[in-house]
Amino acid sequence: METHTIDPADISAPPSAAPDEARAEETPWLTAREQRLWRAHLEVAKLLDYQLSRELQPHSLAINDYEILVVLSEAPERRMRMTDLATATLQSKSRLSHQITRMENAGLVLRQECPGDRRGLYAHLTEQGWATMQRVAPDHVRSVRAHFIDRFTPEQLDAMYEALAPVAEHLRGLRGRS
């Protein structure tokens, strides 16, 4: 089977048969340098997510489960309104509800009614969920360190933070907008 490698320079130029030529000409196409960075970012994000997920499997956790355990473990009284938890974990309310159901069945979290709000629910970290978090966190932190943090010098860590913080701030500002 013959494979074809796409040269990023081929993609950074506007397509020759664009349906709307004027719009295509106005598009600020990525330079080869920008395309290289963008593709590296996508690859690292996917590969890191894959590797961290793989390393959580022996603990019977998905990466999203672990994120919920972390967020709840850091919340006051180890509980959070479901709507706030959905926002904190960038999940739809529906997706979070299904995930919380699975985690509830595993004994990690418990849904509780919100006093004074008949429709509101809390997700509460159970003692089993807390014990799981304490057991898994050291392994997860070692994985994050081995596959990400330790790949950089202290100066590179600072530079990465300085580069990514404004992007995160910009994207947080867009949340909730249509």
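Modeller: One term first: contact means heavy atoms within 4.5 Å. The model above is predicted.

Biologist: Fine. How many helices and strands are there in the protein?

Modeller: The protein has eight helices and three strands. Read from the N terminus, the order of the elements is α-α-α-α-β-α-α-β-β-α-α.

Biologist: And what share of the residues counts as buried?

Modeller: 25% of the 178 residues are buried. The accessible surface is about 13100 Å², and carbon and sulfur atoms make up 55% of that surface.

Biologist: What part of the contacts with a separation of 6 or more is between residues 24 or more positions apart?

Modeller: Such pairs account for 47% of those contacts.

Biologist: Let's go to the strands. In what order do they sit in the sheet?

Modeller: The order is β1-β3-β2, in an open sheet with antiparallel pairing.

Biologist: What holds paired strands together in general?

Modeller: Strands of a sheet pair through backbone hydrogen bonds, and the pairing can be parallel or antiparallel.

Biologist: Over how many bridges does β1 pair with β3?

Modeller: Three bridges, between β1 at residues 79-81 and β3 at residues 117-125. M80 is placed opposite A123 in β3.

Biologist: And how many bridges for β2 with β3?

Modeller: Six, again in the antiparallel sense, with β2 covering residues 109-114. L110 is the residue opposite H124 in β3. In the hairpin that β2 and β3 make, two residues lie between the strands, and G116 has a positive phi near 80 degrees.

Biologist: Which helix lies across β2 and β3?

Modeller: That is α6, residues 93-105, and it runs at about 120 degrees to β2.

Biologist: Where is L90 found, and is it buried or exposed?

Modeller: L90 is in the loop between α5, residues 82-88, and α6. Its relative accessibility is 66%, and over 50% counts as exposed, so L90 is exposed.

Biologist: Changing topic: helices. At what angle do α4 and α7 cross?

Modeller: At roughly 115 degrees, with the axes coming within 10 Å. That is why α4 counts as roughly perpendicular to α7. The crossing of these two helices is left-handed. Helix α4 spans residues 63-74 and helix α7 spans residues 127-147.

Biologist: Which residues meet there?

Modeller: From α4, the residues are I63, Y66, L69, V70 and S73. They meet G129, W130, T132, M133, V136, A137 and H140 in α7.

Biologist: What is L52 in contact with, leaving aside its neighbours within four places in sequence?

Modeller: With I63, H140, S143, V144 and H147. I63 is also one of the α4 residues that meet α7, and H140 is one of the α7 residues that meet α4.

Biologist: How far apart are L52 and V144?

Modeller: In sequence they are 92 residues apart. In space their C-alpha atoms are 7.4 Å apart.

Biologist: Now S143. Is it buried or exposed?

Modeller: S143 is buried, with 9% relative accessible area. S143 lies in helix α7.

Biologist: What does S143 touch, not counting residues up to four places away in sequence?

Modeller: S143 touches L52, E55 and F148.

Terms used. Residues are numbered from 1 along each chain as its sequence is written. This is a predicted model: local features need pLDDT of at least 70, side-chain atom pairs count only at pLDDT 80 or more; totals for chains, interfaces and linings use all residues. Side-chain values use heavy atoms; hydrogens and water are left out. Helices (H or I, at least four residues) and strands (E, at least two) are DSSP runs, numbered from the N terminus. Buried means under 20% relative accessible area, exposed over 50%, partly exposed in between (1.4 Å probe, protein chains only). Accessible areas come from the Shrake-Rupley method with a 1.4 Å probe; for residues, only the protein chains shown count as cover. Two strands pair if DSSP finds at least two bridges between them. Axes are lines fitted to C-alpha atoms, for helices over the stretch in contact, and angles run from 0 to 180 degrees between N-to-C directions. Angles under 35 degrees count as roughly parallel, over 145 as roughly antiparallel, 65 to 115 as roughly perpendicular and the rest as oblique. A crossing is left-handed if the near helix is turned anticlockwise from the far one by less than a right angle, and right-handed if clockwise.
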